[in-house]
Each structure stands twice: as C-alpha cells, then as structure tokens.
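Please look over the chain shown below and consider how its parts are arranged around one another. The report that follows takes up the domains, then the ligand, and then the packing of helices.

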Amino acid sequence: MSKVLVVGAGGVSTVVIRKMLMLPEIFTEIMIASRTKSKCDAIAEATGSKNIKTAKLDADNVAETVAIIKSFQPDLLVNVALPYQDLAIMDACLETNVSYLDTANYEPIDEAKFEYSWQWAYMEKFKEKGLTAILGCGFDPGVTQVFTSYAAKHHFDEIHYLDIVDCNGGDHGKAFATNFNPEINIREITQKAKYFENGQWIETEPQEIHKSLKYPNIGERESYLLYHEELESLVKNFPTIKRARFWMTFGQEYLTHLRVIKNIGMDSIKPIEFNGCKIVPLQFLKEVLPNPQDLGENYTGETSIGCRISGIKDGIEKTYYIYNNCSHEDAYKETGTQAVSYTTGVPAMIGAMLFLQGKWNKPGVFNVEEFNPDPFMAELNKHGLAWHELHDIDLEL
Ligand code: NDP
C-alpha cells in the first residue's frame, strides 16, 4: 500500500501518471494536484482510471501544500511542476514528514540561474527527520547521472572525460516549439554556456562552441555546448573527472527563431507595464507558443541521449558510450505525449518506485548518482527506455 501525491499537470505529469497506473501493486493511490484543477481532471479522465484523486494547488504557497498533504497523507510527493516551486514544496514536505522527488533543480523566478546550493542546503533538515529527497530524477538531469554512476561502478576505475550528448532528431512540423515548458527551456538556452575543466568552470557565450556529432540511428547533427545542472553534482560526486561538458542539438530554424526572440526582447523576465497591468515578456510568449503537450500527434523521429566517457580501467585507457533512443511515435502511442515528456516521466516514476520499495531510500538530500544505479538501470529496460552500450569506440570528442 503506498500513496503518491504528484504535483503539476503538464506533459511530464501525464507520463508519470500513466506509468504509475501500470504498476497498481506499487502505486495503490494517486493524487494529482496542480494550479489548474481542470488539467488534473483531464489527465485522470484520459486514463479511464477511477483510482486518481485531483486537487487545486498553488504550490508556491507552503500552507496550501501542507493542507493537501495532511488530507491525502502520501508516502512520497513527486514534484513535476516548475523549478520555481521546489523549495516551497520541500518546506511543505518537511513540515508534514513526507519524502520528496523532483526532475529539475530550483531556480528563482526573477533570475535565470539554476544551481543545487539552495536544495543541498536542506540536507541536514531531511536527515534529521529521516526523510529522503531525490533531486533531478528525469532524463537529463536523471538518467544521464545514473548512466555515469553505472559506468563508474562497472566499467571504470577512474572517469576522466565526460560528455553528455542530447539529440532530438525528431520533427514536430512546427516552425518553432519547445519540447518542455517554453519559459524554462528558453531561460536555459539563452544563458551563458559553461563547462568544467581541470577544477574550474569555463564560461562561453550561448551557442558559441558547437560541433557535428553522430548519433545512433539518427546521424550527424550540429551539437551545441551548454550548461546543464547535472554537471554540478557529477563533478562533485566523481572527483576524478577532469572535464565535463553537455551538448544539445538544435536545428537552424530553432536557432533563428531564438535569435529573433532575443533581439526583440521577448526572452526578458523583467516585468513590464502593458495596458495597465504587469506582464513578463517571456511568460506572455509561453502563452502564444505551442503547448509541448500538444506536439505528440504528428511528431516523427527519435531522441538519443547518452554519456560519452573516457578514463582508466585496470591501468588501460578506455572509451565508453551509453545511450537510449526514444521514438516520438511510440511515446505518443503509449502515453499521448512526445518523447521528451516520456523520457522525463518514466525515470521519475522509476525513482518513485525504488523509493517506495526501499531501494532508493536514505535520509538526506541526494542527486540520483548517489544511489545504487543497478536497480534503476534494470527498470529502465522494463519500462520503455532500453539502453545500449558501446565499448572502445571513437567518441568524436
Ligand atoms: P508543463 O509546463 O507542461 O507543466 C508544468 C505544470 O506545473 C503545469 O500543470 C502547471 O500548471 C504546474 N504549475 C506551475 N506553477 C504551479 C504552481 N505554483 N503550483 C502548482 N502547479 C504549478 O511542464 P513539463 O511537464 O514539460 O515539465 C515539468 C517539469 O519537468 C519542469 O520542472 C521541467 O523543468 C522538468 N523537466 C525535466 C526534464 C529532465 O530530463 N530532467 C526534461 C523536461 C522537463 P498550469 O497547468 O496551471 O500551467
């Protein structure tokens, strides 16, 4: 018997719920709570399940979250709302003695800056209460760190070079759309890029460094270096790493639109006065862009996300590439969403399952690479995200 409260009712939440319903012996009772209750109801209704409760919740308000937790009494809260809510939800979990899982690290709404310091600061409080907080349990962050810890455990004595490579080789047929929340996505991509080398963070202009990389079953794609949150925890937890970078593919059409959005100031997060009310240009833009949840129907192609690693095993230099490819069409057939929501929601469900089974359960605040990777890797294969390994190959990096 276990009860799970899922906060947020977007694309990722849709997948989390669908996948939890496939394991009724683990997830016996589910509640979806989010800002717009009709969206929770729509997710619940589309599943045909009578076993889902829904509620309206503004998760920025700690007292509201506390009240919902007290009435539903979950064993775990799965936060798939936005990064802005992370700390308020963690506070509510501490107040009510409930463990916590999310898929993106905290980011203040008025500053496009994400880092783990705010959430790591909760370590002692969660430890004292015997509660677990699992941070960043999506694909990237999430699976990419589990891939790295699996490589460290089974294939390397020391990891020296890590390149996380994220390719969306899909086509949604729109001139411009983002695959997850447009506000969060555009904030991430317009920031300065950064990578780790020899103990230092090196900053570059957005999209300044790029190269063509070959992705399995997709082919060559221009890949751009950007900063991604899991680099921060990986270099801390694997101190032998000399260089860690993150690469993501973008099409020319996407980059042209992004440049125009920046040039005309639509990426601004500073509130402006418009017709007597205050609006944030980027939040307004989000409202007129396609909803990532609606992209699935005509989406073709696949994503390919993995880790290209080199280092030492038994005194010999070794290279290794571990990756998953996920088809947009298959994700849509199974859950009604595209592969980006799917590849985030499946790992969140698996993290929740491992917590409830006592396999990923220890007091404190942890990134996913701090848990045993083996049970997680086994579940990925069973729940739609099969992974593949290549040994001693040219990593192109
Ligand atoms: P969506 O925008 O589709 O969904 C977000 C949901 O959160 C919406 O239902 C929204 O409500 C709700 N929400 C927003 N503010 C509040 C609030 N104050 N209180 C309660 N609910 C709120 O986003 P996605 O589903 O695409 O993404 C969900 C999360 O997953 C994000 O944090 C994103 O960064 C993360 N992510 C992680 C990835 C990974 O690999 N680790 C990859 C992709 C996404 P409303 O419907 O009213 O707007």
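## Domains, ligand shell and helix packing

In this predicted model, 15 residues of domain 1 are in contact with 15 residues of domain 2. On the side of domain 1 that touches domain 2, helix H1 gives the most, with five residues, and by class this side has seven nonpolar, four polar and four charged residues. The domain assignment places domain 1 at residues 3–135, while domain 2 is made of two stretches, 143–337 and 372–391. The centres of domain 1 and domain 2, taken over C-alpha atoms, are separated by 23 Å.

The ligand is surrounded by 36 residues, and the closest of these are Gly 10, Val 12, Ala 59, Gly 138 and Phe 180. Two elements give two or more residues to this shell, namely helix H1 (11–21) and helix H13 (339–356). Both domains take part as well, since the shell around the ligand draws at least three residues from each of domain 1 and domain 2. Sorted by class, the residues of the shell divide into 16 nonpolar, 15 polar and five charged.

How are two packed helices described? One gives the angle between their axes and the distance between the axes.

| Helix pair | Axes come within | Crossing angle | Handedness |
|---|---|---|---|
| H7 and H14 | 9 Å | roughly 120° | left-handed |
| H13 and H14 | 10 Å | roughly 130° | right-handed |

Helix H7 covers residues 143–154 and helix H14 covers residues 373–382, and their axes cross at roughly 120°. Because of this angle, H7 is oblique to H14. In their contact, Val 143, Val 146, Ser 149, Tyr 150 and Lys 153 of H7 meet Pro 373, Phe 376, Met 377 and Leu 380 of H14. The residues of this contact divide into seven nonpolar, one polar and one charged.

For the other pair, the axes of H13 and H14 cross at roughly 130°, and the two helices are therefore oblique to each other. Their contact is made by Ile 350, Met 353 and Leu 354 of H13, together with Pro 375, Phe 376, Glu 379 and Leu 380 of H14. Here the residues divide into six nonpolar, no polar and one charged.

Reading the two contacts side by side, one finds that Phe 376 and Leu 380 of H14 meet residues of H7, and that Phe 376 and Leu 380 also belong to the contact of H14 with H13.

Note on methods
Residues numbered from 1 in each chain as written. Predicted model: local features only at pLDDT ≥ 70, side-chain atom pairs only at ≥ 80, totals over all residues. Near = placed C-beta within 6 Å. Helix = DSSP H or I, 4+ residues; strand = E, 2+ residues; numbered from the N terminus. Nonpolar A, V, L, I, M, F, W, Y, C, P; charged D, E, K, R; others polar. Domains from an automatic or database assignment. Axes fitted to C-alpha atoms, helices over the stretch in contact; angles between N-to-C directions. Parallel < 35°, antiparallel > 145°, perpendicular 65-115°, else oblique. Left-handed = near helix turned anticlockwise from the far one by under 90°. Contact = placed C-beta atoms within 7 Å.
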